[in-house]
Amino acid sequence: MRAARLIRMVLLLQSRPSMTGAELARELEVSERTVARDVLSLSEAGVPVYADRGRAGGYRLIGGYRTRLTGLGRSEAEALFLSGVPAALRDMGLADAASAARLKVSAALLPELRDAADGAAQRFHLDAPAWYREPATPELLPAVADAVWDDRRIATRYRRKDTEVERELEPYGLVLKAGVWYLAARAATESGSAAGTEPGSDMRVYRIDRFTSVTPLDVRFTRGPDFDLPAFWAERAAQFARSILRDEVTVRLTPDGVRQLRHVTDRAGAEEALAAAGEPDEQGWITVTLPVESLDVAYSQLLGLGPEAEVIAPPELRERFAAATDRMHGLYGRQGPSGPHRQP
């Protein structure tokens, strides 16, 4: 642990002209007293670390000293490819590996290129969670992530509605979607091999926050060489989006309503409905049959189109819109505000 910290200190000083004791302490997550002791140890080991005294002082390496300890370990190299997603790295317990990898890359660069990482970080940032949602890290995510990296089977308990099921899984990959973590995994058979052999066969998707226990097993599995996690997720996401559109509604749309439809309801469903629509009528309106998740969802979505849409069917949904229109007319049909919001 201390040896790794000393290497990190050398790499930090090699990548910057100088650093104060407070800066080193913050980067290494130790006290300034520990930093001073580590600097002394490096000096005794022959590393030319020099301390500048005074208010503007700090630590620096003398005479262009460069360490050769810049080779990336496997975990550091893997983490480096995820360095654009810092929150995900932290959630999976890979922040330290990514930090060490970035330091080694910085130390290997020419001096005039060492600010490239900071420049990129100030120009691009990925914020994965959706708006209006407080992101929460599933407690068992690091254990699942370790198994994914190690190709190690896991014994799990998983909440499914009001029950818990036990599964022995081969965890293939993790996906972070709108702030929610998912696992792509195969269920292992009693014979010790996965249930399927073709890419994506018998692969299931599990929400990480529904696992109640995860136990790594002393068994590794052989990852299917043709499995493609991005392609698998794209296919399953499209299947899921189609599967939840179980109802249909018939709607007349103005030209503005046509343009706005993709923004208030499922985009793929909207595009399919518009592609299948007939020609506009004399008023320029078109009639579409729109797949929706439910009538309640359709009500909340289509209400956002206001007068740019008229629900034709089913009758019960049209009646809800008629009642909403009457209520809105009661609010806006007067000369001005009334009730507790009346202006003086």
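Reader: Two strands pair if DSSP finds at least two bridges between them, so which residue in β9 is the bridge partner of D247?

Author: In β9, V292 is the bridge partner of D247. Strands here are DSSP runs of E with at least two residues, helices are runs of H or I with at least four, and both are numbered from the N terminus. This is a predicted model, in which local features need pLDDT of at least 70 and side-chain atom pairs count only at pLDDT 80 or more, while totals for chains, interfaces and linings use all residues. Residues are numbered from 1 along each chain as its sequence is written, and side-chain values use heavy atoms, with hydrogens and water left out.

Reader: In what sense do β8 and β9 pair, and over how many bridges?

Author: Strand β8 (residues 247–253) pairs with strand β9 (residues 286–292) in the antiparallel sense, over seven bridges. With strand β10 (residues 309–313), β8 forms an antiparallel pairing over four bridges, and there R252 stands opposite E310.

Reader: Which residues are linked with R252 in a network of salt bridges?

Author: The network links R252 with D281, E310 and R318, where a salt bridge is a side-chain nitrogen of Lys or Arg within 4 Å of a carboxyl oxygen of Asp or Glu.

Reader: And how many salt bridges does a search of the whole structure find?

Author: That search finds 16. One of them joins D38 and R5, with the closest N and O atoms 2.7 Å apart. Because D38 belongs to helix α3 and R5 to helix α1 (residues 2–15), the pair ties together parts that are 33 residues apart in sequence.

Reader: Is D38 buried or exposed?

Author: D38 is buried, with a relative accessible area of 1%, where buried means under 20%, exposed over 50% and partly exposed in between (1.4 Å probe, protein chains only). R5 counts as buried at 17%.

Reader: What does D150 form a salt bridge with?

Author: The partner of D150 is R220, and their closest N and O atoms are 2.8 Å apart. D150 lies in helix α8 and R220 in strand β7, so parts that are 70 residues apart in sequence are tied together. D150 counts as partly exposed, at 29% relative accessibility.

Reader: Changing topic, how many aromatic pairs does the structure hold?

Author: There are eight, counting rings of Phe, Tyr and Trp (its six-membered ring) whose centres lie within 6.5 Å, with planes under 30 degrees apart called stacked, over 60 edge-to-face and the rest tilted. Y158 and F211 have ring centres 5.1 Å apart and planes at 65 degrees, so this pair is edge-to-face. It links distant parts of the chain, since Y158 is in strand β3 (residues 152–160) and F211 in strand β7 (residues 211–220), 53 residues apart. Y158 and F211 are buried. For Y299 and F321, the ring centres are 5.2 Å apart and the planes at 65 degrees, so that pair is edge-to-face. Y299 lies in helix α12 (residues 295–302) and F321 in helix α13, so parts that are 22 residues apart in sequence are tied together.

Reader: What charged end sits over the ring of Y299?

Author: That of R320, 4.1 Å from the ring centre; a charge sits over a ring if NZ of Lys or CZ of Arg is within 6 Å of the ring centre and within 35 degrees of the ring normal. R320 forms a salt bridge with D296, the closest N and O atoms being 2.7 Å apart. R320 is partly exposed, at 34% relative accessible area, while D296 counts as exposed at 53%.

Reader: Backbone next: where does a cis peptide bond occur, and what is omega there?

Author: A313 and P314 are joined by the cis peptide bond, with omega about 5 degrees. P314 lies in the loop between β10 and α13.

Reader: What about phi of E29, and where does E29 lie?

Author: E29 has a positive phi, near 60 degrees, and is a residue other than glycine. E29 lies in the loop between α2 (21–28) and α3 (32–44), and counts as exposed at 68% relative accessibility. D151 is not a glycine either, and has a positive phi of about 50 degrees; D151 is in the loop between α8 (141–150) and β3. Most residues other than glycine have a negative phi, and most peptide bonds are trans.

Technical notes:
Two strands pair if DSSP finds at least two bridges between them.
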